[in-house]
Amino acid sequence: MQPALSQEQADTVASDSVKPRAWLAAIENVAITGAIMGYNNSVLSSSPFSKITFKSMERNLKEFDWWWDEDYMYTNTIEHPYHGAIYYLTARENGQGIGVSSLFALGGSLIWELLGEAELPSYNDMLTTPIGGITLGAPLH
């Protein structure tokens with residue numbers, strides 16, 4: 001009979017059971033981000049944030065003029081953490097540990113803020129997306 005594993009050991013065993021593929025997690029995150037951008041640009045075209053252009057991407061990268069947005073509570077407390085959980089879980093399902101997966105949630109959020117919206121990047125989105133994503137994604141994994 002094997003001794004019981006601690007939570008940290010169990011987490012390591014779970015992530016070790018899948019060959020680590022950070023490259024695949026990155027490709028999947030880029031594809032997911034692109035799909036959501038395409039959906040927003042075509043279906044939500046009446047919303048100002050969804051009119052993404054190369055000009056808006058360039059502005060967000062060059063100006064780096066962040067602000068505190070006034071999104072609805074539902075957007076900041078449900079949608080952003082869910083989006084962050086997608087980034088987090090993509091990495092976890094590709095054999096990454098908690099730390100690297102958390103960086104995927106942070107990186108995915110940063111890419112979204114800079115390239116995925118026509119409006120300027122916001123501080124609160126950069127907080128709620130990765131933190132909420134890790135908080136939601138960890139128990140889902």
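Tyr-123 lies in helix 6, which spans residues 123–140, helices being DSSP runs of H or I with at least four residues, numbered from the N terminus. The model is a predicted one, in which local features need pLDDT of at least 70 and side-chain atom pairs count only at pLDDT 80 or more, whereas totals for chains, interfaces and linings use all residues. Residues are numbered from 1 along each chain as its sequence is written, and side-chain values use heavy atoms, with hydrogens and water left out.

Because its relative accessibility is 46%, Tyr-123 counts as partly exposed, a class lying between buried (under 20% relative accessible area) and exposed (over 50%), computed with a 1.4 Å probe and protein chains only. Together with Trp-68, Leu-127 and Ile-131, Tyr-123 forms a nonpolar surface patch with about 470 Å² of accessible area. Gly-133, which also lies in helix 6, is by contrast buried, with a relative accessible area of 0%; the C-alpha atom of Gly-133 is separated by 7.5 Å from that of His-80, 53 residues apart along the chain.

Helix 6 packs with helix 5 (residues 98–116) at an angle of about 150 degrees, the axes being 9 Å apart. The two helices, helix 5 and helix 6, are therefore roughly antiparallel to each other, the term applying to angles over 145 degrees, and their crossing is right-handed.

For the protein as a whole, the secondary structure comes to six helices and zero strands, in the pattern α-α-α-α-α-α along the sequence. Of its 141 residues, 37% count as buried.

How values were computed
Patches are made of residues with over 30% relative accessible area and no salt bridge: like charges are joined within 9 Å, nonpolar side chains (Val, Leu, Ile, Met, Phe, Trp, Tyr) within 5 Å. Accessible areas come from the Shrake-Rupley method with a 1.4 Å probe; for residues, only the protein chains shown count as cover. A salt bridge is a side-chain nitrogen of Lys or Arg within 4 Å of a carboxyl oxygen of Asp or Glu. Axes are lines fitted to C-alpha atoms, for helices over the stretch in contact, and angles run from 0 to 180 degrees between N-to-C directions. Angles under 35 degrees count as roughly parallel, over 145 as roughly antiparallel, 65 to 115 as roughly perpendicular and the rest as oblique. A crossing is left-handed if the near helix is turned anticlockwise from the far one by less than a right angle, and right-handed if clockwise.
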